[in-house]
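Reader: Please take me through the terms used for this model, and set each one against its cut-offs.

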Amino acid sequence: RALADFYYSQAAALHHLASAPALLTLPELVKNATFRTMAPGIEHAVLSGVTGLRCGPIRANVLRVDPAVRKLSCCDVRSAKMQERLKKPDCYAVSGGFFLFSEAPILEPSKRTDPVGLLVTDGEVINPPLFDRGSLLDYGKHGEKHVVEVKQMSSEHWTFTVEGCEKPTKRTVAWHNPPNGPPGDATSTFNRAYGLRSPPPPKDHVALTVVGRQLISISRSASEIPLAGAVIICPEFTASCPCTLSWSCHSPIVSAMAGGPMLRPVIDKSAEDFALTAPPVTFSQDETFDQNLLPRMACGVMPSGVVVFLAVDGRDMSAPGVTLHILGDLMRALGCESSVNMDGGSSKRAIIGGKVVDTTSEGVVGGSEKGA
């Protein structure tokens, strides 16, 4: 699929670059767009034009949301109830973080479409931060200001409490994959970016196998690392497994959603646990080294605190898509001081007033001139 995407998208870009009457810069592309107020605190615009970049034409939907006026909600929409909610005329939504899909094998208790990375809804941790990745974090109102940030998970202080112990057991999480176990009373998290098995825990430590909010097992030896989970090595304790882990952040978070990588001028995917067999493998094992033009999704924050969501169409002859680096440049052109990549490809979606407005990208499309 990656090879087909590469040849198709490059052919589309070369076709347009050779025939376009005028080529735009990204700031010009943004300047030509008209933002319309859709509801209090929500603005929408369509970016459309042929750029002088090697991606050629860009077509994208942009949502600007003022969190001080409009509530942001990061949530799991797999239920029939949530699917119906997306069709309501007052619904404005975009697709979000990664989920298990094409990885194999997906073993229980994980299942296909389970979220990968942090997900917090209305203050409840739905899926824990087992990968140190760029995330959208809504801290709610602090004084007169509503605070939303985009940053890497390791910048926050997370703890988990083990339910089912004779006495409450609380541990602090550290996201790093060192070659050996943690020293002293430290805690280390080993996900699939480290390998298939964790190192053995040192003396007086244990290895916790964690999937989602479940503690699956406790071991005193090296353990197999689950696909969308982790092995956490920490000072020893006992508990009846399986049991539930309750997660909390030192800074209370109202809503949060992990994606990655951070869209910095220099993108370092390996620093955000995109390596080896860490899901999604399409990012961890990108053999094109960010040369593919693909449908993309991103979110970022402007200095004013306004949150920007960007859904870039792709796999279409009239809009082949963009690379991660171009996506980051486009977010900066939109005024974001920090931004993060979210799940793109066929998962990318933008809904305005209950209607899908972006071009779906289940497969490549030739000769289409339809707009967003």
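This is a predicted model: local features need pLDDT of at least 70, side-chain atom pairs count only at pLDDT 80 or more; totals for chains, interfaces and linings use all residues.

Reader: Why is Asp114 called buried?

Author: Buried means under 20% relative accessible area, as against over 50% for exposed and partly exposed in between, with a 1.4 Å probe and protein chains only. Asp114 has 14% relative accessibility, so the residue counts as buried. Asp114 lies in the loop between β4 and β5 (119–121), where helices (H or I, at least four residues) and strands (E, at least two) are DSSP runs numbered from the N terminus.

Reader: What makes the approach of the Asp114 side chain to the side chain of Arg78 a polar contact?

Author: A polar contact is a pair of N or O atoms within 3.5 Å; within protein, one must be able to donate a hydrogen and the other to accept it, and residues adjacent in sequence count only if both atoms are side-chain atoms. The side chains of Asp114 and Arg78 make such a contact at 3.0 Å, and the Asp114 side chain also reaches the backbone nitrogen of Lys111 at 2.9 Å. With neighbours within four places in sequence left aside, Asp114 is in contact (heavy atoms within 4.5 Å) with Arg78, Phe99, Leu100 and Pro109.

Reader: Why is the pair of Phe98 and Phe274 called edge-to-face?

Author: Rings of Phe, Tyr and Trp (its six-membered ring) pair if their centres lie within 6.5 Å, and planes under 30 degrees apart count as stacked, over 60 as edge-to-face and the rest as tilted. For Phe98 and Phe274 the centres are 6.0 Å apart and the planes stand at 75°, so this pair is edge-to-face. Phe98 lies in the loop between β4 and β5 and Phe274 in the loop between β16 (255–258) and α4 (281–284), so the pair ties together parts that are 176 residues apart in sequence.

Reader: What makes Phe98, Phe274 and Phe283 a cluster?

Author: Ring pairs link these residues, Phe98, Phe274 and Phe283. Phe98 and Phe283 form an edge-to-face pair, with 5.2 Å from centre to centre and 65° between the planes; Phe283 is in helix α4, 185 residues apart from Phe98. Phe98 counts as buried at 2% relative accessibility, and Phe283 is buried with a relative accessible area of 12%.

Reader: How do you know that Arg64 lies over the face of Phe35?

Author: A charge sits over a ring if NZ of Lys or CZ of Arg is within 6 Å of the ring centre and within 35 degrees of the ring normal. Arg64 lies over the face of Phe35 at 3.5 Å from the ring centre, and Arg112 lies over the face of Phe101 at 3.9 Å from the ring centre.

Reader: Why are β4 and β21 said to stand at the edges?

Author: Two strands pair if DSSP finds at least two bridges between them, and three bridges join β4 to the antiparallel strand β20 (residues 350–352). The open sheet of three strands has the order β4-β20-β21. β4 (92–94) and β21 (355–356) each have a single partner strand, so one side of each is left without a neighbour in the sheet.

Note on methods: Residues are numbered from 1 along each chain as its sequence is written. Side-chain values use heavy atoms; hydrogens and water are left out.
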